[in-house]
Amino acid sequence: MTFFHYRAGLLHAEDVPVDEIAAAAGTPVYIYSAAAMRARYRSLAAALTGLRARICYAVKANHNLAVIRTLAAEGAGADTVSWGEIARAHQAGVAPGRIVYAGVGKGDDEIRRALQLGILQFNVESVEEMRRIAGIAAAMGRVAPVALRINPDIGAGAHDKISTGRKGDKFGVAYQEAGQVLGEAMRLPGIQPVGLHLHIGSQITELEPFAAAFARAAGVYRELKGSGVPLERLDLGGGLGVRYNDETPLDPVAYGLMLRDVLGDLDAELVLEPGRWLVAEAGILVAGVLYPKMAEERHFLVLDAGMNTLLRPAMYGARHAILPVRRQDGAADQLVDVVGPICESSDIFGRAYALPPLESGDLVALTSAGAYGAVMMSDYNSRSSAAEVLIDGPDYAIVKAMRPVEEQFADDRIPDWLPHPPS
Ligand SMILES: *Cc1c(COP(=O)(O)O)cnc(C)c1O
């Protein structure tokens, strides 16, 4: 089922013509399909039938409240990496008992607030952090439920910047040291070990690295539980890969079968933390063409969206498929380099895209932009941010307004002791 499709040559998001949304919200604009997110969530939930498992949506992929709400209404909990994300998830309606909190750099105040709220578990990344959480919880007269993040020493992920499970990565503790760390955890006041956690990377389109890492984690889990650590949960992280161009997205049914195969007889509740897989393909970024720039050597298409709007190409070398919003019959495609307006050579979405001839004011859609897109927008070059729109069948709403430039500097202050410039 596809939620972005052409009708009479015009790209639609579910039942709404994309040019109508662009006219209402301005460009650039992120457009999300609620039905697409639900379809992904339901197919994964169905693939887990028979397993004791919960899905916690990794909020960092797209933290818009309406997006979190769409998935939370399906039953998703939230996987978070800061107090800010916990606050967002809670505000969007996720019950505290469905929120897990990971991240290598939790601050004291963040820990305190999470304890106060009563979240499901802290995914702890180091022995130092564990001691810190224990101290804060004990002082508050609380007990923090913690899962220890282990590093299974298995690399995976489409890019070096998104591989997190190798020895030498900054995440978690070496799996060989888990027993020692949890042994200390059991002696500390203010802390209750409840599980193990791992997250080996992102945009993984093969099952093997997952299976290898989960088998290793299951071995550690069994050994520790056997030696008296009261573990009840194995948190498997996210990382399920999606389609940007011609990748084959991870098949939820195959993933579910693999889980049954590797972990079916493990006495543990499983936690899944998919982010990208739930939302990436449910979103597009619609941009306006500023100029077709037909230089002699190369043809460029300059868009009003850039690395400030969608950072993935500049940051990860990612390539998003690009579609014209209005298809033209009979017009031969040309090869163009698609670039943004930012003053950086890295502000390029990619070279040699085959697109029909486009003019100023025409619209294009960058596909699979629902994850790690809007969340990474910046004020760089002081351009307006993109609006975000959620579609649900025939309905749509602006779920985040475009932030005008004046608001970007509304919080800047000029100290009154600075001299005035000449008039
Ligand atoms: C980023 C992250 C996720 C989500 O990763 P995806 O590749 O988007 O599924 C899940 N768990 C943790 C701990 C993460 O840091």
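## Accessibility and the annotated residues

A residue is called buried when its relative accessible area is under 20%, exposed when that area is over 50%, and partly exposed in between. The structure described here is a predicted model.

By this scale, Glu344 counts as partly exposed because its relative accessibility is 35%. Glu344 is located in the loop that lies between strand 17 (334-339) and strand 18 (348-355). Leaving aside residues up to four places away in sequence, Glu344 touches Met307 and Tyr380.

Arg276, by contrast in setting, is part of helix 10 (residues 276-279). Its relative accessibility is 5%, so Arg276 counts as buried. The side chain of Arg276 is joined to that of Tyr244 by a polar contact of 2.7 Å.

## The UniProt record

In an unreviewed UniProt entry, the annotation "binding site" covers Arg276, Arg312, Tyr316, Glu344 and Tyr372. These positions are spread over 97 residues of sequence, and they are also spread in space, with up to 26.8 Å between C-alpha atoms.

Strand 5 (residues 53-58) runs parallel to strand 13 and is joined to it by three bridges. In this pairing, Arg54 stands opposite Val271. Strand 12 (residues 233-235) is likewise parallel to strand 13, again through three bridges. Leu234 has Leu270 as its bridge partner in strand 13. From strand 12 the chain passes through helix 9 (residues 252-263) to reach strand 13, forming a right-handed β-α-β crossover.

Strand 19 (residues 363-366) is covered on both faces. Leu363 and Ala365 lie on one side, Val364 and Leu366 lie on the other, and all are buried.

Strand 14 (residues 283-294) pairs with strand 19 in the antiparallel sense over four bridges. Here Val286 stands opposite Ala365. Strand 16 (residues 322-324) also runs antiparallel to strand 19, and three bridges join the two. In that pairing, Pro324 is placed opposite Val364.

Methods
Residues numbered from 1 in each chain as written. Predicted model: local features only at pLDDT ≥ 70, side-chain atom pairs only at ≥ 80, totals over all residues. Heavy atoms only, no water. Pairing = 2+ DSSP bridges. Right-handed = clockwise from strand over helix to strand, strands pointing away. UniProt positions renumbered as here; feature names shortened; annotations may be inferred. Buried < 20%, exposed > 50% of the residue type's maximum accessible area, 1.4 Å probe, protein only. Polar contact = N/O pair within 3.5 Å; in protein donor to acceptor, adjacent residues only side chain to side chain. Contact = heavy atoms within 4.5 Å.
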